[in-house]
Structures are given as C-alpha cells and as structure tokens.
Amino acid sequence: MAPTTDSAGNTEDAAAARASLETLRTEIAKAVVGQDPAVTGLVVALLCRGHVLLEGVPGVAKTLLVRALASALELDTKRVQFTPDLMPSDVTGSLVYDTRTAEFSFQPGPVFTNLLLADEINRTPPKTQSSLLEAMEERQVTVDGTPRPLPEPFLVAATQNPVEYEGTYPLPEAQLDRFLLKLTIPLPSREDEIDVLTRHASGFDPRDLRAAGVRPVAGPAELEAARAAVAETTVSAEITAYVVDICRATRQSPSLTLGVSPRGATALLAAARAWAWLTGRDYVTPDDVKALALPALRHRVQLRPEAEMEGVTADSVINSVLTQVPVPR
C-alpha cells in the first residue's frame, strides 16, 4: 500500500533529520578530535530527552565538545562552574526585588538554556547538586511555589574528574540514576594528539568555533522529527525481555551491592532504540542493546568494597553479565 501524503512527509522528514544528525560527527570533528563515541552518546541523549555524565581527566575537551555540539545544532548553551560555595539559586535563578515597581521579579538562572554544562558537578555540596534534580526530571524549576518550564530541547551535560576526589561530594545514587548515559572521555591516541597540536600550531582557537568552521547542520525541528521517528522504532517482546534479563542479572552479581533499577532498564531500552534509528533501522537488535549497555548502566551499579579492592570495575561486571545472559535469536 502506498503511504499517505502525511506518512510520506513524515518519512522524508525523518530521513532528512537522520542525514543531518549523521553530519554532526564531521562538523564537530572540526573542533574536537577523536571523540566520535561521545558525540554519538550526546545525540542519543538528546533523542531520548535524557542527560549525560561526562567523565575524563582535565584537558580532554569535555567543555569544547558540548560547545561544539551546541553550535552544530544551533542551540543555546550555558556553562556553570560548580564550586563548594555555589548556591542553588546560582543555578536555578531567584526572585529579585525591583525598587521601581516595589515587586519581586524572577531572574532566570543559567539552567534556562538548551545545553547546560555543569562543570565538575561533584565539587559542589549536595544541596546545590540537588537543585538540578527537578530540572532534569520535570524539565521545570519551581521558585516561590511557581513552576517555570525550561526550554526545549533541554540537556544537562555534567562533568567530573575521575582521579581527583579531595574536596569533592560524590553524586548520590538517586541523582546518578537521573543521567541517561555516563560517557568516559579517554585520552587521545598519539595520532589524534599530534592532530590537536598541529591545529593549535596553525592558529586554532577553541573559543572561536565559527573561525574553526563549525556551522549549524541541524536544529530543534530536525531533533523533533528524529524523536518522532525514534518513537516509531519497533521493539520486539524478545528485546524487551533481553533488557530486563540483563538488568536483573546485575542485581544478582556477587560483585555488586546495588544492581540496575527499573529506571535503568528503561534508559537502556530507550538508548538502544535511538541508536538503532541512528544506524538506519526501524527495529532494535540485541547488538543495539549491547552497544549501549556500558554507558547506560555503568553509573547505576555499586561495587562491593572487596570487589573494588580486587580491581573489579563496573564495566567488567556489566561485560560479564552480557556474556552470561542468553541472547534472543
């Protein structure tokens, strides 16, 4: 049966959206070298209306990556440096007294943006960390009893340093669970590092992305069309059961005190669905689930102290689970 005009138009919109999102890697590569997996993870999070935790040592271009993504998607972005003295109102905004009108007016904080870079989120106390919870979950900020919706799309990209923990406040499990993905940003290979230095020697300025040639290749309209297409991606009963079996297996692992919650299972399925669509399919396969298992689950499990002392990692436990859970045919 031939598609109706509307369905044909939707199909064309989805194809155009996928093509534009596929060019993101090329566009962002003009500013950031060798971080394709992180770029893909950020796009998956945008398609799922999720948030991302970026973990890497200082100097691996985490901030530049988010700025380049915002520039290539023509989205507004703001950066907040999380410090021990940062207050919740510094993030969400506050009521300000206007002497001319003798009334209080709301002054929006930096959270009112499309891409919020929460830099070194674990350096601020839990009270300020929790100020992001409502924004991340409800996509709104409530001040003085009045809820104020955040712009759409909205994504929090929070960074943390994996090697320096002195004076930090580890994120509680409840907040970690709000991040769709945890992406590790590795040090570049020798070839990529040579490329980085060559660019800087040629005059590359990370503060001027336009001069680097980064141009908008997609926008909110393409993202909305892509999200609609992802929602139509088929998930079979076998794939759903496979995701559930993986998450339930983590709860039985002797190396963990905390396994993956049902929210984690939902996150893994959503991420696998977005990845399947990005790769050009309208159905999810077990390989899609495996591809997203580590970034979707690694921050949702808690290692036993004795296992951690033996060198066991969250990634190794999840990889072990993936080898043990039967794959649907």
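Reader: In which sense do strand S3 and strand S4 pair?

Author: This is a predicted model, and the answer is read from its computed bridges. S3 covers residues 93-98 and S4 covers residues 103-108. Six bridges join them, and the sense of the pairing is antiparallel.

Reader: Which residue in the hairpin of S3 and S4 takes a positive phi?

Author: Within the strands, Ser 94 stands opposite Gln 107 of S4. The hairpin has four residues between its strands. The positive phi, near 60°, belongs to Ala 102.

Reader: Are the rings of Phe 106 and Phe 112 stacked or edge-to-face?

Author: The count of aromatic pairs comes to two. In the pair of Phe 106 and Phe 112, the ring centres are 5.7 Å apart and the planes are at 70°. Planes over 60 degrees apart meet the criterion, so this pair is edge-to-face.

Reader: Which residue has its charged end over the ring of Phe 106?

Author: Phe 106 is buried, as is Phe 112. A charged end sits 4.1 Å from the centre of the Phe 106 ring, and that end belongs to Arg 148.

Reader: How far from the ring centre of Tyr 283 is Arg 281?

Author: Arg 281 lies over the face of Tyr 283. Its distance from the ring centre is 5.6 Å.

Reader: How far apart are the end C-alpha atoms of helix H12?

Author: H12 has 17 residues, 262-278.

Reader: Which residue with a positive phi follows H12?

Author: The buried residues of H12 include Trp 277 and Leu 278. After the helix comes a residue with phi near 100°, and this is Gly 280.

Reader: How many residues of the largest nonpolar core come from H12?

Author: That core has 74 residues, and Trp 277 is among those with the most contacts inside it. H12 supplies the largest share of the core, and its contribution is nine residues.

Reader: How many residues are in the second, separate core?

Author: Among its members are Val 80, Met 136, Val 141 and Ala 158. The size of this second core is 23 residues.

Reader: Is Val 32 buried or exposed?

Author: Val 32 is in the loop between helix H2 (24-28) and helix H3 (36-47). Leaving out residues up to four places away in sequence, Val 32 touches Ala 61, Leu 64, Leu 65, Ala 68 and Arg 199. Its relative accessibility is 5%. The cut-off is under 20%, so Val 32 counts as buried.

Reader: What separation do the C-alpha atoms of Val 32 and Asp 192 have?

Author: Along the chain the two residues are 160 residues apart.

Reader: What is the relative accessibility of Thr 159?

Author: Thr 159 lies in strand S8, residues 155-160. Leaving aside neighbours within four places in sequence, its contacts include Leu 54, Lys 62 and Leu 117. Thr 159 counts as buried because its relative accessibility is 1%.

Reader: How far apart in space are Glu 173 and Ser 189?

Author: Glu 173 is found in helix H8, residues 173-176, and counts as partly exposed at 29% relative accessibility. In sequence, Glu 173 and Ser 189 are 16 residues apart. C-alpha to C-alpha, their distance is 32 Å.

Terms used: Residues are numbered from 1 along each chain as its sequence is written. This is a predicted model: local features need pLDDT of at least 70, side-chain atom pairs count only at pLDDT 80 or more; totals for chains, interfaces and linings use all residues. Side-chain values use heavy atoms; hydrogens and water are left out. Helices (H or I, at least four residues) and strands (E, at least two) are DSSP runs, numbered from the N terminus. The expected span of a helix is 1.5 Å times one less than its number of residues. Buried means under 20% relative accessible area, exposed over 50%, partly exposed in between (1.4 Å probe, protein chains only). A nonpolar core is a set of buried Ala, Val, Leu, Ile, Met, Phe, Trp, Tyr and Cys residues joined through side-chain atoms within 4.5 Å. Rings of Phe, Tyr and Trp (its six-membered ring) pair if their centres lie within 6.5 Å; planes under 30 degrees apart count as stacked, over 60 as edge-to-face and the rest as tilted. A charge sits over a ring if NZ of Lys or CZ of Arg is within 6 Å of the ring centre and within 35 degrees of the ring normal. Contact means heavy atoms within 4.5 Å. Two strands pair if DSSP finds at least two bridges between them.
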